[in-house]
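Have the viewer open as you read.

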Amino acid sequence: MKLGTMTIAAIMAAAPAMADLVFPSLSYRTGPYAAGGIPFADGYADYFTLLNERDGGIGGIPTRVLECETGYNTEKGVECYESTKGEGSLVYQPLSTGITYQLIPKTAADGIPMHTMGYGRTSAANGEVFNNIFNYPANYWDGASIAVNYLLSENDGDLSGKTIALVYHNSAYGKEPIRTLEELSAKHGFELSQLAVDHPGQEQKSQWLQIRRERPDYVLMWGWGVMNQVAIQEAANIRFPMENFIGNWWAGSENDVLPVGEAATGYKALAMHNVGADFPIFEDIQQYVVDTGNAAGAGDQIGTILYNRGLYAAMLAAEAARTAQEIHGVADITPAMMRDGMEALVIDEAKMQELGMPNFGPEFSVSCENHGGSGQGKVQQWDAAAGEWTIITDWITSDKSVIQPLIEEDSAAYAAENNITPGCSES
Amino acid sequence: MPDQLLFGMEVALNGLMAGVMYSLVALGFVLIFKASGIFNYAQGVMALFAAMTLVGIQNGQVPFAHLINATFGTSIHHFGWQVPALLAILLTVVVMAAFAWAVNRFVFRHLVNQEPIILFMATIGLAYFLEGVADLMWGAEIKKLDVGLPQGINTLIDETTFNAFGYGFFIDNLDIVATIIAGLLVAGLVIFSQYTKQGRALRAVADDHQAALSVGISLNYIWVLVWSIAGFVALVAGIMWGTKSGVQFSLSLIALKALPVLMLGGFTSIPGAIVGGLIIGVGEKLFEFLIGAPFLGGATENWFAYVLALIFLVFRPQGLFGEKIIERV
């Protein structure tokens, strides 16, 4: 660490007057999904504001968040990319699986890295095929496996004879975990039933009547937006035991449970990072960002699940930029250098402690072969009376013996379709 | 009784209930189209705006708080009081009436005698404008709507059917309330249009607005009136759907559920909106139960509703209850 600090000091001393480090934020503060997009965008922006106000940026270079409104619309997302890529954008976080799929070939052609944390194309974890795409610390397939591993731990390691229903958004996003769950079903002997919910998901009576008839032991949910609130409400209506209902990490924010009220108590969801505002970094955010009037939003989202996710995503981007500065010995890095920093990123507990975010996320390191990180997650549970999520497990690791072959198969197919020769990029 | 038959009956009953919820949205479209020939694209957003306004008033939220705070550097969000549900509903009705007045004063008054497509385009603009205003006024976060409506399984129906068939039917209390309210709403609208002076004037404008003008009926007044009633219907739909899913921007998408109902029931018939809703509700639920889920991977309801509406449209282009289109040359 000392070496790193010295390197940064040397970079700062040597650095002439430079521009800023641009981090585009493809946010959605309007439209049907705004309630989820706003806290993420606030957290993302506030972290970089904190770095500017407290540290003078990264390696002495101020950061600039370039926000562009996508409305969670794929076409607008692509427009945002095209209109901001010329600004020296270092890394894109499109915050939408649909936009991600459109940007994969574009970012590859433009040499700009993309980080899709817990969403996007899962097989992008294979960095030998997807040189510019990163999806650490965990992806959808990890999520499916983490959920099953959690249920295994709840059932003394045996799920044979159990029934698990998957309620999923009928889209590319919602269908992502199906293949993994089918493999895990064959491996562990549980029966998997699949219930698709059409966009936007305001009417789910058919699906929940089916669940009421079939009485599965557990329900997993891959939902987003209004689908989540309706599903949790319908589960409460049919008196499905909430502790047996587990959403993925995009179905586990305050937005999803608050409209349901008391009946949502006990609902569980996966978590790719820790919850709440009980971390030292929030004192700094209060002092340097909120109190100085520089908060991105009204300041009322701080500590919520999706705010923390935006904060975490920004922290990972900033640390990758710092790593890139160390690798290349320059402070004013290019997107290609940023990519190298992302591929060499190491997040350990010492670093998270130093950043005021102890145990905020899993420890992981990135490599050319593995752009997906450790594939770990926790399980959180909602308490309506307290109005808060509580983490109820330690980090759970996904079953790589099932996921890795799927990643290799899918990425090999992508490489063949696009005439890509797998291999590591030259740094 | 075989299990599948019982399940089918339960699905059909729930389909009827879901159909009532669709009808609540469709009614607003019918009212405006009937009186002015305008297909109001903004009806879904009006439901959203009404529900957001209701929650905002109930919770004592300061409208445009973010804008005020950003402009003046203040930090105000709430007045610090809670408004009882009934009073909040009344105040929201006043807001929707004011909205109706403004829409006519600033938009449609200037578009009298324009082509229907122009009026339709104006409602598209109105929808996006209203969505933006709702966001600025009340914020984008998801809000819990609680006006005291019951939710969850009706235990009486559950126990009665269990005792009779050995299988308890699930019927949501909220759906039962929606059915009662829809019935009252339709009865109220029929009484209003048949037995009141304003109602007769409204029907006269619907039949021939130039003839209505010639006998001294104020077109502006009728349009404000009908947009106010549509605003009230939007509020009712917003309350029902908002109680179900929380008040959030996707509430405006409930309009998508009303379109097949309108195609089937006709754009000019209030009973058509109800019957159309029931047919769509039962049809899509039974199709999903019998064919969609077992053979097609599920999630068939959205598109099947439109298929069903198209089938009816082929045989009755004016819808089940719409006025027959006769043009002589």
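This is a predicted model: local features need pLDDT of at least 70, side-chain atom pairs count only at pLDDT 80 or more; totals for chains, interfaces and linings use all residues.

**Backbone details in chain A**

A:Arg215 sits in the loop between H8 and strand E7 (218-222) of chain A.

Another residue to look up is A:Asn359, which is not a glycine and has a positive phi near 55 degrees. Is A:Asn359 buried or partly exposed? With 15 other C-beta atoms within 10 Å, A:Asn359 is partly exposed. Its loop runs between helix H14 (349-354) and strand E11 (364-365) of chain A.

Chain A also has cis peptide bonds to inspect. One joins A:Tyr136 and A:Pro137, with omega about 5 degrees; A:Pro137 belongs to the loop between strand E4 (133-134) and helix H5 (140-154) of chain A. Another joins A:His199 and A:Pro200, where omega is about 0 degrees. A:Pro200 is placed in the loop between strand E6 (191-197) and helix H8 (205-214) of chain A.

Chain A contains 15 helices and 14 strands. Its radius of gyration is 21 Å, close to the 22 Å that the globule rule gives for 427 residues, so chain A is as compact as a globular protein of that length. Chain B, in turn, has 13 helices and zero strands. What radius of gyration would a compact globule of 329 residues have? The value would be near 20 Å, and the 21 Å of chain B agrees with that.

The table sets out some whole-chain values.

| Chain | C-alpha extent along principal axes | Buried residues | Contacts at least 24 apart, among those at least 6 apart |
|---|---|---|---|
| Chain B | about 65 × 60 × 40 Å | 48% of 329 residues | 73% |

Helix H2 (residues 34-55) of chain A has 22 residues and reaches 31 Å from its first C-alpha to its last, close to the 32 Å expected at 1.5 Å a residue. Of these 22 residues, 19 are buried, so H2(A) is largely enclosed by the rest of the structure. A:Gly56 follows H2(A) and has a positive phi, near 75 degrees.

Chain A is divided into domain 1 (2-138 + 275-374) and domain 2 (140-271 + 378-405). Taken over C-alpha atoms, the centres of these domains of chain A are separated by 28 Å. How many residues of domain 1 of chain A are in contact with domain 2 of chain A? There are 16, and they meet 21 residues of domain 2 of chain A. On the domain 1 side, H2, helix H4 (97-110) and helix H12 (305-328) of chain A each supply at least two residues. By class, this side of domain 1 of chain A has eight nonpolar, eight polar and no charged residues.

**Where chain A meets chain B**

Between the chains, 35 residues of chain A are in contact with 36 residues of chain B. H2, E6, H8 and helix H9 (226-237) of chain A are the elements that give two or more residues to the chain A side. The chain A side that touches chain B has 16 nonpolar, twelve polar and seven charged residues.

**The nonpolar core**

The largest nonpolar core has 230 residues, and those with the most contacts inside it are B:Ala47, B:Ala51 and B:Val226. Helix H10 (residues 219-245) of chain B gives the most to this core, with 17 residues. Domain 1 and domain 2 of chain A both give residues to this core, so it lies between them.

Beyond its neighbours within four places in sequence, B:Val226 is in contact with B:Leu31, B:Ile32, B:Ala35, B:Ser36 and B:Leu202.

Methods
Residues are numbered from 1 along each chain as its sequence is written. Chains are lettered from A and ligands numbered from 1 in the order in which they are written. Helices (H or I, at least four residues) and strands (E, at least two) are DSSP runs, numbered from the N terminus. The radius of gyration is taken over C-alpha atoms; the globule rule is 2.2 Å times the number of residues to the power 0.38. A residue is buried if 20 or more other C-beta atoms lie within 10 Å of its own, exposed if 12 or fewer, and partly exposed in between; C-beta atoms are placed from the backbone. The expected span of a helix is 1.5 Å times one less than its number of residues. A nonpolar core is a set of buried Ala, Val, Leu, Ile, Met, Phe, Trp, Tyr and Cys residues joined through C-beta atoms within 7 Å. Domain bounds come from an automatic or database domain assignment. Two residues are in contact if their C-beta atoms, placed from the backbone, lie within 7 Å. Ala, Val, Leu, Ile, Met, Phe, Trp, Tyr, Cys and Pro count as nonpolar, Asp, Glu, Lys and Arg as charged, and the others, Gly among them, as polar.
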